[in-house]
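Here are a few friendly notes to read alongside the model. Take them in order, with the structure open beside you.

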Amino acid sequence: MTEVKANMAGNVWKIVVSEGDSVEADQDIVILESMKMEIPIATEEAGTVKELKVAEGDFVNEGDVLAVIE
Amino acid sequence: MINKILIANRGEIAARIIRTCKRLGILTVAVYSEADQKSPYVSMADESFLIGPPRVNESYLNVDKILSVAKESGADAIHPGYGFLSESGRFAERCEAEGITFIGPKSNVMEMMGDKIAARKAMKEANIPIVPGTEDAVASPEAAIKIATEIGYPIMLKAAAGGGGIGMQVVHNDEELIKAFESNTKRAQTFFGDGSMFLEKKIDNARHIEIQLLADQHGNVIHLFERECSIQRRNQKVIEEAPSPFISEATRNKMGEAAVNAAKALGYTNAGTIEFLVDSDENFYFLEMNTRIQVEHPVTEEITGLDIVELQLSIANGEELRLSQQDLRIDGHAIEVRVYAEDPKTFFPSPGHITTFDVPKGENIRLETAVTSNYDVTPFYDPMISKLIVKGANRAEAISKLKQALLQFKVEGIKTNIPMLLNIVDHEHYKRGNTTTAFVQDHYLTGLHKN
């Protein structure tokens, strides 16, 4: 199991996968928006999207868990 | 007469506008979001009003709220600064409908220049050279490929509603074009509410050189020479200077004349800037028009001795320009660097708590700053925290002064691009004025990888 975490504070602009999707390593999971820039957040490991912890429009802090990949 | 101005903006530009108002004895009203309560501009203004939560739609883009504060405070004019509502024709109309002077051009001109396709058409009609490309929105990826084949790769794919470096992408072949066309159309629809795309030929070894204009309500138009803003990252400016180290006096005059003619043809009023791309043979092509004050306006102020905000107010008051083109001379050389809260190598944002903020001081050093020591930079707005402007008798003197000033500039607690700025101003190609829009890619990033 691996947790996908926000590497900076920002708003969740887009969630580009759904729960149950299988994903590859380095695949984008969530696009954050911080300081007017889109920041793609990818999973480090391949697996299945077990849980999405955030919704589009949510504000997240650095280190917050965005998704769980199994 | 304008007696009291509400500034519908934040950060350094709000502080900059308040400063001129104070000098002229005009009262000021600041508006701020919950994220900006401690921002220096808030306490500089005569009155300040909290207008909402941090997100821009609930604060700095909240037209109803801003207008109600304007009425409550008795402001008779609104200065929109740059960004936010500054290029919204609808906002300008709402101000006028409430009997409040919008400090800027007429809404119809703003709307036309905001639609990049309409702007290209208007410039073409005014006999201003435009970058070769499409006249109308491109309907489909297939149509885009057909046009791309005619004008030749590489090509810039741009959103009609974009601008300021947002919504554009360079493509090198059919495959890239199809992919970018589909994703960028969707993105532009989401971001700007308009997915229209157009194509422009990518000009090789281009420089970004823009002309500052001033136009009064009596048909008088002058230009305040050029600014060269070629040093960019992520299609956004990082270093700007005036005059350009590249163009000849003849080209300077031609570009100035073209910009003045364009403003006259549009019936433009107040301050505005026409951005051009200039190729290695000094051919210039219209890129876009910004119908507001620019971030980099201070370099023009430094070489002309004028206060552009003051002139904006005077024009908005209906006064005639007291300057004619013949009165204007370039005095010395000025450079501005934008200090961004970001990683100097990846350009990723770096919001956080500033523990130390020590700015350089000295003769011919000017700072326009949004933050202080012990200050939180939030992720809600753009990453610019300060602008450093220096002036020298000539370019070499300005560069040397800039380097000294950057060495004195200490920001701790967050990452900034100051190491990048120092690297560039020390670069042989920069010193020689060898600046094109590819500078950061070709000289800065490549240099980092070598070391």
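Which residue takes a positive phi in the hairpin of β9(B) and β10(B)? That residue is B:Gly219, with a phi near 90 degrees, and the hairpin has five residues between the strands.

1. Before going further, a word on conventions. This is a predicted model, in which local features need pLDDT of at least 70 and side-chain atom pairs count only at pLDDT 80 or more, while totals for chains, interfaces and linings use all residues. Residues are numbered from 1 along each chain as its sequence is written, and chains are lettered from A and ligands numbered from 1 in the order in which they are written.

2. Let us stay with β9(B). Strand β9 covers residues 207–215 of chain B, and nine of its nine residues are buried (20 or more other C-beta atoms within 10 Å of a residue's own, C-beta atoms being placed from the backbone). Strands here are DSSP E runs of at least two residues, and helices are H or I runs of at least four, numbered from the N terminus. B:Arg207, B:Ile209, B:Ile211, B:Leu213 and B:Ala215 point one way, while B:His208, B:Glu210, B:Gln212 and B:Leu214 point the other.

3. Next, the partners of β9(B). Nine bridges pair this strand with β12(B) (residues 270–278) in the antiparallel sense, where pairing requires at least two DSSP bridges. Here B:Gln212 stands opposite B:Thr273. β9(B) also runs antiparallel to β10(B) (residues 221–233), joined by six bridges, and B:Glu228 in β10(B) is the bridge partner of B:Ile209.

4. The largest nonpolar core has 115 residues, and B:Leu6, B:Ile78, B:Leu213 and B:Phe276 touch the most other members. Such a core is a set of buried Ala, Val, Leu, Ile, Met, Phe, Trp, Tyr and Cys residues joined through C-beta atoms within 7 Å. Helix α9 (residues 249–266) of chain B gives the most to this core, seven residues.

5. Finally, the domains of chain B. An automatic or database assignment sets the bounds: domain 1 (4–103), domain 2 (132–201) and domain 3 (207–450). The C-alpha centres of domain 1 and domain 3 of chain B lie 23 Å apart. Their contact takes 21 residues from domain 1 and 22 residues from domain 3, contact meaning C-beta atoms, placed from the backbone, within 7 Å. On the domain 1 side, helix α1 (residues 11–24) of chain B provides the largest share, six residues.

Technical notes
Two residues are in contact if their C-beta atoms, placed from the backbone, lie within 7 Å. A residue is buried if 20 or more other C-beta atoms lie within 10 Å of its own, exposed if 12 or fewer, and partly exposed in between; C-beta atoms are placed from the backbone.
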